[in-house]
Amino acid sequence: MKNNHLPLSQSHFINGNEACAEAALLAGCRFFAGYPITPSTEIAEHLAERLPEVGGIFIQMEDEIASMNAVLGAVWGGLKGMSATSGPGFSLMMENIGLAVMTETPCVVVDVQRGGPSTGLATLVGQGDMMQARWGSHGSYEIIALCPSSPQEFFYQTIQAFNLSEKFRVPVLLMADEMVGHMSEKVVIPPIEKLEIYPRRYTLKPPGEYKVYQRAENGVPEMVKAGDGYRIHVTGTTHDERGYPFMNEETQKELIPRLVDKIRKNHKELIDTKEFFTEDAEVVLVGYGITARTLRWVAHLAREKNLKVGVLKLNIVWPFPDEVVLNLAKKVKALVVCEINMGQMVREVERAAKGFCEVKFMGHPGGGMHSPTDILEAVQQVKA
Amino acid sequence: MNFQHPYSELLRTDRLPHIWCPGCGLGIALDSFCMAIAEMKLPLDKLAVISGIGCSGRIAGYLNVDSFHTTHGRAIPFATGLHLANPELNVVVFSGDGDLVGIGGNHLIHAARRNLNLKVFCVNNFIYGMTGGQMGPTTPPGAISATSPFGNIEYAFNLPHLAASCGAVYVARWTVLDILKLKKSMQEALNKKGFSFIEIISPCPTLYGRFNNQNTGVEMMRYFKTHTVHNPKANLSEIEISHGGQIVVGKFLDIERPTFMELYRKVVQERVKRTLDEKYEEKAYPQEHT
């Protein structure tokens, strides 16, 4: 254990934010730039202590705009990088999440969601940034976002987020929420050799033969880092394979579909959902994050009353698992979408269900969770 | 005959001609930089240039080194990450006044405060050029611009004063007329450890000069020539640039102060090294998860 100072492979009693921070270290993250913001700060605090222990760099920047950019710079400098924030900071990061998309810079951004809009409920739960995660930066793009429901899942999804970001060279958003971030639970950290860590795919081509944005496997270009003699040009402007900016329709038509297709064409690989009691279900509750846990409890209560209720839990929310929702919609009477916002992912469920079943929405403005009995009541209304 | 640009090694010649207007000073600023690095024989593979957005933001892309063209105002934080990830790189931020001091002003003052080992070359043309000549934080009071049609009523930043008071260890100001001094200053900055800031006063006849009684690049250069005062001992608080007034140039500051990375290594990493073994013995739980 003394040699690498990575976390001990054992059971811990830690909160979600700490689990995320330790997972980042195991995933190979060696750079963190952030700005203090509740309820994500524990990630920064934990990494301020832990990153130097594994030879990494922690820096507290002047704001979240700077944090996001510092992460991108560090990634091009050869490290795996991450930032963590909450709603207001997430808003500030948006422009440069777009820069990460355009420059195909792999990185992870954690948004421990709180109640909004604006300052909102700084210390209390919300799930209101889900659409912002998908559409928050300007222009057309595709992105990957994950939602953990427990500290243990926060741990695994952090590693998954780093892996996906390296594989597809997109920023991956970890859309946690205050409850998952602050909840302390048993978190089992497996030995590092049992974890699948996706290394950065550096090119084997020599300088001269390498083009910084030439498509390779899955349409994803191979990486290099600054200082290796490739003399790359990286720009947020529409660019060609060499990275040279060209402001015209042709270049845009070449670049943007490729960026979007990295996700769209590999969409099947990015379906990650979990179903509970859906085999015979007549009503399926749909949720993610902390809400998915409430839903499982509701399903138990419903089954006790002989109501055929199942749960669909979304682990990867973006790209949205259209097929999974459509298949369920064809089987059930209703999908009941529960989320701690006034209606965001329900729109996706409605779209994906294509009218095959009723889609009901149970929202919550934030600051607390759904009451299981309220959801149960809504379920019973469907039955009647 | 096959003519080669004297700095064809340093430039992405396949990207020329550049986009800058006739009479613009950016070519001279870039030329000074090429001269500086050619003379120093800097290992080009270990040089990275970061720019933001704007006319000056195009500089990075013309240089045949690892170059990054980031979002508006964010060259410094991007460079911060790059520098910290690979401290072996000589990281230069080459951008404009609106980019570095306007929208990116917050990053400038904090990078100087941290004494990050970055070299910031700020080309000041008193105006937002790329977007069509709007006033900015360096536009002298009284100057006419697209968004100050009745004369600018705001006070302008005095950049050397700002950089020095925020903690820069090297501060200079030159006009693009002082090409050899500018080159030397760039070389000094490149050799310096710590936050180095050079303000490069540059003409924008197209969008600044024409509306302020200096119709051509030549006229603007003539103004620089007649109004430049070389005074390295100047009191930094008194060297703001007024419309049609004096331009005080010189190397104003060249001091030593530990950099962020030096302190990170000394304070954080050594401290960690000292306490790590102890700490892990303390924390080493008996059972390992299987």
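This is a predicted model: local features need pLDDT of at least 70, side-chain atom pairs count only at pLDDT 80 or more; totals for chains, interfaces and linings use all residues.
Biologist: Let's start with chain A. What makes chain A as compact as a globular protein of its length?

Modeller: Chain A has 12 helices and 16 strands. Its radius of gyration is 21 Å, close to the 21 Å that the globule rule gives for 384 residues, so chain A counts as compact as a globular protein of that length. Along the principal axes, its C-alpha trace spans about 70 × 50 × 40 Å.

Biologist: And chain B, how do you know that it is as compact as a globular protein of its length?

Modeller: Chain B comes to 9 helices and 8 strands. The globule rule gives 19 Å for 290 residues, and the radius of gyration of chain B, 21 Å, is close to that, so the wording carries over to chain B. The C-alpha trace of chain B spans about 80 × 50 × 35 Å along its principal axes.

Biologist: Which residues is Gln214(B) in contact with, leaving aside its neighbours within four places in sequence?

Modeller: Those are Gly209(B), Glu219(B), Met220(B) and Tyr223(B). Contact here needs heavy atoms within 4.5 Å.

Biologist: What share of the contacts with a separation of 6 or more in chain A comes from residues 24 or more positions apart?

Modeller: In chain A that share is 77%. For chain B, the corresponding figure is 68%.

Biologist: Where are the charges of chain A centred relative to each other?

Modeller: Chain A has 39 positive and 46 negative side chains, and the centres of the two sets lie 5 Å apart. In chain B, the mean positions of 28 positive and 25 negative charges are 3 Å apart.

Biologist: Last one: which domains does the assignment give for chain A?

Modeller: It gives domain 1 (11–194), domain 2 (217–268) and domain 3 (274–383). The centres of domain 2 and domain 3 of chain A, taken over C-alpha atoms, are separated by 38 Å.

Key
Residues are numbered from 1 along each chain as its sequence is written. Chains are lettered from A and ligands numbered from 1 in the order in which they are written. Side-chain values use heavy atoms; hydrogens and water are left out. Helices (H or I, at least four residues) and strands (E, at least two) are DSSP runs, numbered from the N terminus. The radius of gyration is taken over C-alpha atoms; the globule rule is 2.2 Å times the number of residues to the power 0.38. Lys and Arg count as positive and Asp and Glu as negative; His and the chain ends are not counted. The place of a charge is taken as NZ of Lys, CZ of Arg, CG of Asp or CD of Glu. Domain bounds come from an automatic or database domain assignment.
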